[in-house]
Amino acid sequence: MRGLSLRARFPCSRRSLLTAAAVVPLTAAAAAGDGAAGQPPAAGGQRYFPRHGSYGHRTLAYDLRLAYDPDRAWLDGHARIRAVANDTLGRVELDLARLKVGEARVDGEPAAVHRRDGKVLLGPARPLAAGQPFVMDIAYAGRPKPVSTPFGGVGWDRTGDDHDGTLVASQPVGAPSWFPCNDRPDDKAAYTFAVTVPRGHHALANGTLRERQEVEDGVRWTYHHPGPMATYLAAVYTGRFGVDDLSAPVPVRIAYPADLAEEARYDLGRQPEMLRLFTGLFGEYPFESYGAVVVDADLAAPVENQTLSVFGRNHVDGQRSWETLVAHEIAHQWFGNSVGLADWRHIWLNEGFATYAEWLWSEHIGEDGAEVLARRAWLDLSARRQNLRIADPGRRHLFDDRVYVRGACALHALRLAVGDECFFRVLRSWHAVHRGGCADTAAFLAHAERVVGRPLGTVLQPWLFERSLPRFDVG
Ligand SMILES: [Zn+2]
């Protein structure tokens with residue numbers, strides 16, 4: 001079967017706009033906002049996925065040993081998780097959907113295991129003190145399936161007509177479909193994956209291949225990614241792939257079903273050029289490698305898994321019809337992956353930036369530039385219902401394409417207001433300051449004002465915190 005009912009993230013459409021605005025000093029409002037219409041969202045407000053993640057601990061590293069049998073769709077897993085307690089903990093809370101847990105240990109001693117509502121609760125032999133590092137070992141197994149969300153199933157899924165491959169596309173809360181984790185976008189960690197698959201199959205994962213070893217029941221592929229990486233960006237792909245290694249400015253891999261080799265090589269062939277362009281505009285590429293995997297299934301949208309984005313068969317046609325999305329997923333490596341989200345409410349910081357990068361790529365290759373695309377986007381937006389505050393759009397609208405396009409327009413409005421040199425200085429320093437961390441809308445506004453040296457409330461406030469569509473001031 002091709003055509004997983006995976007995800008309904010809307011591909012970033014291009015529309016655009018411009019305008020103006022007005023003026024309200026932003027920084028103070030952003031810090032103190034109450035989330036009402038026209039106001040910045042409250043710090044620490046309602047989380048969109050309150051059942052996911054724990055604030056009891058923070059994670060340092062996941063070491064995942066996985067064996068996948070495609071004939072039975074069966075995953076045997078062992079997770080070793082290094083973490084630090086934030087409070088005194090009598091139990092540790094992890095997210096894990098469906099899969100069965102066998103033995104679990106904390107610091108080498110057997111731990112009590114309880115399951116509840118998609119959680120694994122581990123009871124260590126003795127309470128963990130606040131600030132104490134500890135290690136969890138968890139054996140688990142089962143047939144992974146996507147996690148149901150308002151956006152469709154997300155997480156681990158099968159691919160191919162004969163279902164002998166797999167993919168992971170977890171954004172936003174699919175990670176518990178395949179490993180026990182602290183499923184918050186702001187709990188970043190290092191990852192090691194040792195994935196055993198049958199001979200003749202490939203296993204790909206975030207980061208760098210450390211070892212490929214013949215073992216009794218197949219081949220074990222070991223990858224390491226120092227990250228730091230959020231759970232939703234972790235990914236493993238298994239199945240039959242052709243793989244090419246490109247280079248510059250970092251090692252770049254592409255993987256694809258054999259029958260799509262020619263199309264994938266052409267459609268993904270300008271990724272090194274994209275990396276060079278964005279390195280010039282945004283600053284040094286934040287990770288050790290990049291890559292793109294085309295899986296043997298249709299996907300609602302590509303996903304920017306860290307260092308290894310995923311595309312569906314339907315995104316490859318040998319004509320570069322979807323090349324703007326190739327650029328989009330690469331831009332996320334800076335904005336979304338390296339500079340992550342403190343909370344899903346701030347999603348425009350991911351999608352607005354990546355959509356703007358699409359416009360920059362278009363300009364680079366001699367097609368319509370950001371100014372033309374922004375104005376076109378504004379016209380499209382102006383014909384639509386304006387009922388979305390993109391700075392806190394609500395869970396239901398997390399992947400609404402207005403978040404993408406209006407977010408990009410907000411950046412264009414900033415560019416028009418401060419000029420190219422200053423605008424790109426804001427973007428580069430935003431990444432430099434928050435590289436490997438997480439941030440929110442208020443932090444971006446404060447950062448931009450600091451770099452520009454004057455209040456920007458009248459420029460950005462209407463785009464981010466109001467429902468009505470502003471106009472571009474200039475032009
Ligand atoms: Zn995106």
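The model is predicted: local features need pLDDT of at least 70, side-chain atom pairs count only at pLDDT 80 or more, and totals for chains, interfaces and linings use all residues. Residues are numbered from 1 along each chain as its sequence is written, and side-chain values use heavy atoms, with hydrogens and water left out.

The average pLDDT (the predictor's confidence in each residue, from 0 to 100) is 90 for the protein. Of the residues, 90% score at least 70. Residues 1-45 have a pLDDT below 50. Beyond near neighbours in sequence, this stretch makes 175 contacts (heavy atoms within 4.5 Å) in the model.

His332 lies in helix H4 (residues 323-334) and Glu351 in helix H5 (residues 348-364), so the pair ties together parts 19 residues apart in sequence. Helices are DSSP runs (H or I, at least four residues), numbered from the N terminus.

Helix H8 (residues 420-434) and helix H9 (residues 441-452) also meet. Their axes (lines fitted to C-alpha atoms over the stretch in contact, with angles from 0 to 180 degrees between N-to-C directions) come within 10 Å and cross at roughly 130 degrees. From H8, Cys422, Arg425, Val426, Ser429, Trp430 and Val433 make the contact. H9 contributes Ala443, Phe444, His447, Ala448, Val451 and Val452.

Note on methods
Helices (H or I, at least four residues) and strands (E, at least two) are DSSP runs, numbered from the N terminus.
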